[in-house]
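Below is a short report on packing and surface in one protein chain. The structure comes first, then the notes.

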Amino acid sequence: VGGLNLTLMEPTVALALVAWLRRGLAQERLRIWPSALLAAQGLMLGVLLAASLASEAPGPSLKETIKWIELMVAFVLTLDLARDIRAARWLLLALVGAAAVEALFGVVQFVTGRGPAFFAIGPFMRAYGHFSQPNPFAGYLGTALPLALALAWLMPGAAPRWARPAFLALAAGVLLSLSRGAWLGQAVACAALLALASP
């Protein structure tokens, strides 16, 4: 549309926002929970909007701005709708589970050698999932891997059964992407997580 590629994400986020607003108005309750992360996202959105005023390429600028608006909408809705433990468990399953399935797809690509020749490093085909590139694929998996680590090994007796297999799938996907940036990012993220969890 106008040089922009739209996906199912845009209408899905818009419909979710409309449903949330409709429910909130019907119940006479719209809650936007205060959060430092939401404030940081708002600041980033403000910077993007200011930069877009002088943009030489309004299409890509608009695309990035829409991404940040979608992120903020998803964040606000998640903070409001996933406040009880049951909803939080389903949310964790969706976040970690979707990333683990994507990781397994990347593992299959690596093992079978399926992919463009320019993704190959020596005899190895880099895992890239549905992202068309290994680095964004590994970056996406990296958003769920520390969470899966926390669920799998830092919650004695309370870890969901699916957490350890999901963690192993995510770790394999990041490893087989052969993305050095992702490896470094995950090392730092997991080290920070372990440091925070350590007595």
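## Gln186 and its contacts

Gln186 is in contact with Gly142, Leu145, Pro146 and Val174, leaving aside neighbours within four places in sequence. Contact means heavy atoms within 4.5 Å. Gln186 sits in helix α7, residues 180-197. Helices are DSSP runs of H or I, at least four residues, numbered from the N terminus. Gln186 counts as buried because its relative accessible area is 12%; the cut-off is under 20%, with exposed over 50% and partly exposed in between (1.4 Å probe, protein chains only).

This is a predicted model: local features need pLDDT of at least 70, side-chain atom pairs count only at pLDDT 80 or more, and totals for chains, interfaces and linings use all residues. Residues are numbered from 1 along each chain as its sequence is written, and side-chain values use heavy atoms, with hydrogens and water left out.

## Nonpolar cores

The largest nonpolar core has 25 residues. Such a core joins buried Ala, Val, Leu, Ile, Met, Phe, Trp, Tyr and Cys residues through side-chain atoms within 4.5 Å. Val96, Leu141, Leu145, Phe167 and Leu170 have the most contacts inside it. Helices α4 (85-112), α5 (134-153), α6 (163-176) and α7 each supply at least two of its residues. The largest share, nine residues, comes from α5.

## Met155

Met155 is in the loop between α5 and α6. Its relative accessibility is 32%, so Met155 counts as partly exposed.
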